[in-house]
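Try each task before you read its solution.

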Amino acid sequence: MDIIKFLPNELRDDFRKYAYISGGSIHSLINKTEVNDYDFFLSDKDFAKKVHDFFTEEQYRIIKSEYKDDSGIMFAPRIPFILTENAITFDKKYQIITKFA
């Protein structure tokens, strides 16, 4: 799946081990209709925390960085994910649920 490309190398093997897909995408895949998005849940609480912590730190690094274009104008890079307390969303198509009930 394309979601792997959003993860750093050190998280990819465990993601393959602990992630499972759920939600409306299952219905769409079974019925061979277009999938709107994919929801991935993690079966290991410690790994879910590790993933969430990584992207919390990554978001902080992106926001705190200063960037200048060729004319010297400051800008912030496009943040490639949305981080909430419950999940991480990539490209509006993939979501990793990191919150345990």
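**Exercise 1. The strands around S6**

How many bridges join S5 to S6, and do they run parallel or antiparallel?

*Solution.* Before counting, a word on the model: this is a predicted model, in which local features need pLDDT of at least 70 and side-chain atom pairs count only at pLDDT 80 or more, while totals for chains, interfaces and linings use all residues. Residues are numbered from 1 along each chain as its sequence is written, and side-chain values use heavy atoms, with hydrogens and water left out.

Step 1. Helices (H or I, at least four residues) and strands (E, at least two) are DSSP runs, numbered from the N terminus. Two strands pair if DSSP finds at least two bridges between them.

Step 2. S5 and S6 run antiparallel and are joined by 3 bridges. Within this pairing, leucine 83 stands opposite isoleucine 88 in S6. The two strands make a hairpin with 3 residues between them.

Step 3. Now take the other pairing of S6: with S7 there are 4 bridges, again in the antiparallel sense. Here threonine 89 stands opposite glutamine 95 in S7. The S6 and S7 hairpin has 3 residues between its strands, and aspartate 91 there takes a positive phi near 55°.

**Exercise 2. The two faces of S6**

Which residues lie on each side of S6, and are they buried or exposed?

Step 1. Apply the cut-offs to S6. Ala87 and Thr89 are on one side, Ile88 and Phe90 are on the other, and all are buried, leaving both faces covered.

**Exercise 3. Salt bridges**

Find the salt bridges, and say where the partners of each one sit.

*Solution.* Step 1. A salt bridge is a side-chain nitrogen of Lys or Arg within 4 Å of a carboxyl oxygen of Asp or Glu. The count by this rule is 3.

Step 1. In helix H1 (residues 9–18), aspartate 13 and arginine 16 are 3 residues apart, so about one helical turn separates them. Their closest N and O atoms are 3.5 Å apart. Aspartate 13 is exposed at 58%, and arginine 16 is exposed too, at 53%.

Step 2. Lysine 49 and aspartate 53 form a salt bridge with an N to O distance of 2.6 Å. They are 4 residues apart in helix H3 (residues 45–64), again about one helical turn. Aspartate 53 is partly exposed at 30%.

Step 3. Glutamate 85 and lysine 99 meet at 3.3 Å, N to O. This pair links distant parts of the chain, 14 residues apart: glutamate 85 is in the loop between strand S5 (81–83) and strand S6 (87–90), and lysine 99 is in the segment after strand S7 (94–97). Glutamate 85 is exposed at 61%, whereas lysine 99 is partly exposed at 43%.

**Exercise 4. Aromatic pairs and the core**

How many aromatic pairs does a search of the whole structure find?

*Solution.* Step 1. Rings of Phe, Tyr and Trp (its six-membered ring) pair if their centres lie within 6.5 Å; planes under 30 degrees apart count as stacked, over 60 as edge-to-face and the rest as tilted. The search finds 10 aromatic pairs.

Step 1. One of them is phenylalanine 15 with phenylalanine 40, tilted, at 5.6 Å centre to centre and 55° between the planes. Phenylalanine 15 lies in helix H1 and phenylalanine 40 in strand S2 (residues 38–42), so this pair ties together parts 25 residues apart in sequence. Both phenylalanines are buried.

Step 2. Phenylalanine 81 and phenylalanine 90 also form a tilted pair, at 6.4 Å and 50°. Phenylalanine 81 is buried at 5%, and phenylalanine 90 is buried at 1%.

Step 3. A nonpolar core is a set of buried Ala, Val, Leu, Ile, Met, Phe, Trp, Tyr and Cys residues joined through side-chain atoms within 4.5 Å. The largest one has 21 residues, of which Ile3, Phe15, Phe55 and Phe90 touch the most other members. H3 gives the most to this core, with 5 residues.

Methods: Buried means under 20% relative accessible area, exposed over 50%, partly exposed in between (1.4 Å probe, protein chains only).
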